[in-house]
Amino acid sequence: MRYLFRFFLVLLIFVRIITTQPNFSDGDKIRITTKVASEPIKYDTSQRLVFYGLKTYLPNYPEINYGDKVVVEGVVEDGKLVSPILVSLEPSVGKLYKTRLNIIKIYQKSLPEPHASLLAGLTLGSKAGLPTSFWNALKKSGTAHVVVASGMNVTLVASFLMGVLIVLMPRRSAIPLALIGVWLYSLLSGFDAPIVRAAIMGSIVFTAQALGRLQAASKALFFSAAIMLIARPDWISDLGFILSFVATGSLMLFERKIASLIRFVPGIFREGLSTSLAAQIGVAPILYLTFGQFSLLSPIVNALVLWTVAPMTIIGGIGGILGLFSDIIGKYVIFLAYPLTSWFVWVVGIFG
Amino acid sequence: MKKLWNNIFLGLSLALIAVWMAVFVYPEKELHLIACDVGQGDAILATYGTTQILIDGGATNKVVECLGTNMPFWDRKIEVVLLTHPQLDHYGGLSEVFRRYQVEQFVATSLNSSSQSYQALISMVGGSGTGVINPTTGMVIRSGLLYLDIVWPSGDFQANEGDNLKGNILGAFTSKRDPNDFSVVANLRLGEFDALFTGDIGPEIINKVIATGKIHDVEYIKIPHHGSKNGLIKELLDEASPEVAIISVGKNSFGHPHQETLDLLKEYDIQVKRTDKDGDVELISDGKNWWIKK
């Protein structure tokens, strides 16, 4: 029965991937009508969007945001949509999308760059407005994963919500509420593959807990991959999707062993070092193949900065939400993160 | 419960560190004039204590990094932003500035640009509660101890080109003339120290600017038009006799700065600093003496 189910799952993935292959080829002139599914990346004079796997570079203005409805025309060429024209742009009216933009605005109003972008990246995975030189330094020092949407954020949100809710109510009612919170968060943060991966995995693990069944984490990992590929077959070639699964898998396999090997490292840096070393085992080859570079110093830089990530994200999250109600209160809470962001920016500046 | 106390303790420690950092970066009472390295384009920040005047914003959002490093982190207000003229390499970064900072006064002519990004900037300024000032020759804008004397464009010149001078609005008129000709030329002064900002003016306009009689002896000049040979002429140097010249320039296809300009500055024995070679160029003055920060 179980094998039949697994076989069926794999078959379904194949069918979905094959049937949803885009039916256009190089040279085709196409018109795409769609909702922007993840945050556009802003460059100096252009913004990059991806429609059905086609990289599309549009001028910086009008500004396009995650959740907006767009109609774009262009010619398919080598995985890109060249000479694209923005036919129409309908800004999103969704509350969640607006809230996201408002929170980012609060960071930008409260802290200078690159501190504001760092907080926006940490809490919401937003890369809009990230200064180019800082982004390059992050990439070079192997810490870019911190400011992109990652499973770490979901884990933080889930454990923060559980920590608060468990004080107020029994575990059985806290779990579904925390799950609602996690899914709201994943919508808020741009619904990128790594976030969705973590949200699904978290849901599986939490639900299994609530039902009193022990679930192997590795099973949850494969099952969430299957669900995601059935829902969004185009994610099979999404770098974020691949890295997220490989990194999580490596963590599960190696983290504990490495942690016990490096007991000599001082407390606050140890977890950062062991997790980044473990993740690197799987991730480094992929990064090397895709970007032709990876940083040998990366685990050290990560060890130096990763301990600041949880407090920065939590302070940023609380400050951002309070800022929606009162600018001043939000600002003062966000100031609390400044010593930590300064440390982070300083270390990354040295190694980047 | 113990965890809660731990977190409160952590929060209080962070607050204490933040307060110490805030005190530590409290600015001294000196003029800092920073020509930000923003690639090809102009962005010059003048600060005195907690007063800031930003002249142009470069083409990209690089200017916000310069603001970030040269302003205390808790100061989220820029007193004056001056846009010399609506071309991308001068206003491009300003929308990011308005997004992040509260700007008290925006000084710019009402010359329009049809580009979508300039229209976006206009609507952003409109929605930000910033006061708009259309400058004309003779106007003085004061902020703290810093004064900006407006040298150009003159009211007559603007009226001739179709500006009805109804005052203090953005994007009100268009002209067939090169937008460079409308560049705001301003003299920034603190005590006895003077710095001349020249936007992208060229030879023809420079003669008109000199004819206003408002150009006088200065210590510092921002060389017009990124060092183009279609910018600086010797008459301006004769009139202003600067001691140090800043060229705001980055990678470009025009050949800026042109050799002719560099030769002219050499001939006059003027110290030259370039943002493409020297990065951010910072000058400090107490209103009497001045020096370049190494």
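Author: Let us begin with strand pairing, for which DSSP must find at least two bridges between two strands. Strand β5 (residues 102-107) of chain B runs parallel to β6(B), and 3 bridges join them. This is a predicted model, in which local features need pLDDT of at least 70, side-chain atom pairs count only at pLDDT 80 or more, and totals for chains, interfaces and linings use all residues. Residues are numbered from 1 along each chain as written, chains are lettered from A in the order written, and side-chain values use heavy atoms, without hydrogens and water.

Reader: Which residue of β6(B) is the bridge partner of Val107(B)?

Author: The partner is Ile133(B). Strands are DSSP runs of E, at least two residues, and helices are runs of H or I, at least four.

Reader: In what order do the strands of the open sheet in chain B stand?

Author: The order of the 8 strands is β6-β5-β4-β3-β2-β1-β14-β15, with mixed pairing. In chain B, β6 (131-133) and β15 (290-292) each have a single partner strand, so one side of each lacks a neighbour in the sheet.

Reader: How does one describe two packed helices?

Author: One gives the angle between their axes and the distance between the axes. In chain A, the axes of α3 (residues 115-124) and α11 (residues 298-325) come within 9 Å and cross at roughly 90 degrees; axes are lines fitted to C-alpha atoms, for helices over the stretch in contact, with angles from 0 to 180 degrees between N-to-C directions. α3(A) and α11(A) are therefore roughly perpendicular, a term for angles of 65 to 115 degrees.

Note on methods
Angles under 35 degrees count as roughly parallel, over 145 as roughly antiparallel, 65 to 115 as roughly perpendicular and the rest as oblique.
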